[in-house]
Amino acid sequence: MFAIFASRRAARIRNVALTGLATVGVAAGAVTLMPTSASAAVAPQSVHPASAAHSASQAATGASGDLDGWIRQSLAIMKAKGIPGSYEGLHRNIMRESGGNPDAQNNWDVNAQKGTPSKGLLQVIAPTFNAYHVDGTAHSLTDPVANITAAANYAADRYGSIDNVNSAY
């Protein structure tokens, strides 16, 4: 996610296509733009299991187990930790990076070629997740809330806010 070259960005822009209804992580009937299969992050075949930590935090906050709930839960943690960002900024970047699929995994870019594929809603690599993990979230790269919050923490450090990210970062 974070070692992106201009050519990847250009390729992703060229390969964006309207694929119809999103089937994972987005409410039925929502239309989204997703990269074509040649450039899209690849989702594992299994359905994303909610981690025990995520389930416990979800129950504690009453957040729903969907994209809207994950974003709202992340925003609450971000606010408590002083990490800037908005719902719109998170949602825009999530839709571009994973189409709302918490199991998305990029198996083709430079990170994957080096053995560290980008994963999750905001396509975070393990070293970045570990460096920017936010206490109070699960220590799991693919946990939706942990992934969003760590990526927003990274974006705040590098760009001032996730809201300032308008392309692959």
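Modeller: We can start with the overall layout and then turn to single helices and residues.

Biologist: What should I know before I look at any details?

Modeller: This is a predicted model, in which local features need pLDDT of at least 70 and side-chain atom pairs count only at pLDDT 80 or more, while totals for chains, interfaces and linings use all residues. Residues are numbered from 1 along each chain as its sequence is written, and side-chain values use heavy atoms, with hydrogens and water left out.

Biologist: What is the average pLDDT?

Modeller: The protein averages a pLDDT of 73, and 61% of the residues score at least 70; pLDDT is the predictor's confidence in each residue, from 0 to 100. Over residues 1-63 the pLDDT is below 50, although this stretch has 110 contacts in the model beyond near neighbours in sequence, a contact being heavy atoms within 4.5 Å. Where pLDDT is low, the predicted coordinates should not be read in detail.

Biologist: How many helices and strands are there?

Modeller: The protein has seven helices and two strands, and from the N terminus on they run α-β-β-α-α-α-α-α-α. Helices (H or I, at least four residues) and strands (E, at least two) are DSSP runs, numbered from the N terminus.

Biologist: And how much of the protein is buried?

Modeller: Of its 169 residues, 45% count as buried, where buried means under 20% relative accessible area, exposed over 50%, and partly exposed in between, with a 1.4 Å probe and protein chains only. Among contacts with a separation of 6 or more, 57% are between residues 24 or more positions apart.

Biologist: Which residues touch the most others in the largest nonpolar core?

Modeller: That core has 25 residues, and Leu67, Leu90, Ile94, Leu122 and Ile148 touch the most other members. Helix 3 (67-81), helix 4 (87-98) and helix 7 (144-159) are the elements that give two or more residues to this core, and helix 7 gives the most, with eight residues. A nonpolar core here is a set of buried Ala, Val, Leu, Ile, Met, Phe, Trp, Tyr and Cys residues joined through side-chain atoms within 4.5 Å.

Biologist: Take Leu90, then: what is it in contact with?

Modeller: Leaving aside neighbours within four places in sequence, Leu90 is in contact with Ile71, Leu75, Met78, Leu122, Ile148, Ala152 and Ile162.

Biologist: Why is helix 7 described as largely enclosed?

Modeller: Twelve of the 16 residues of helix 7 are buried, so the rest of the structure largely encloses it. Among the buried ones are Pro144, Asn147, Ile148, Thr149 and Tyr154.

Biologist: How far does helix 7 reach, and what sits at its ends?

Modeller: Helix 7 reaches 21 Å from its first C-alpha to its last, close to the 22 Å expected at 1.5 Å a residue; the expected span is 1.5 Å times one less than the number of residues. At the start of helix 7, a side-chain oxygen of Asp143 comes within 3.2 Å of the backbone nitrogen of Val145, and just after the helix Gly160 takes a positive phi of about 95°.

Biologist: Switching to helix 3, which of its residues are buried?

Modeller: In helix 3 the buried residues are Leu67, Gly69, Trp70, Ile71, Gln73, Ser74, Ile77 and Met78. Ser74 counts as buried because its relative accessibility is 0%, and, beyond neighbours within four places in sequence, Ser74 is in contact with Val145, Ile148 and Thr149. Just after helix 3, Gly82 takes a positive phi of about 75°.

Biologist: What about His91, is it buried or partly exposed?

Modeller: His91, which is in helix 4, counts as partly exposed because its relative accessibility is 29%. Leaving aside neighbours within four places in sequence, His91 is in contact with Leu67 and Ile71. The C-alpha atoms of His91 and Ile148 are separated by 9.8 Å, with the two residues 57 residues apart along the chain.

Conventions: A polar contact is a pair of N or O atoms within 3.5 Å; within protein, one must be able to donate a hydrogen and the other to accept it, and residues adjacent in sequence count only if both atoms are side-chain atoms.
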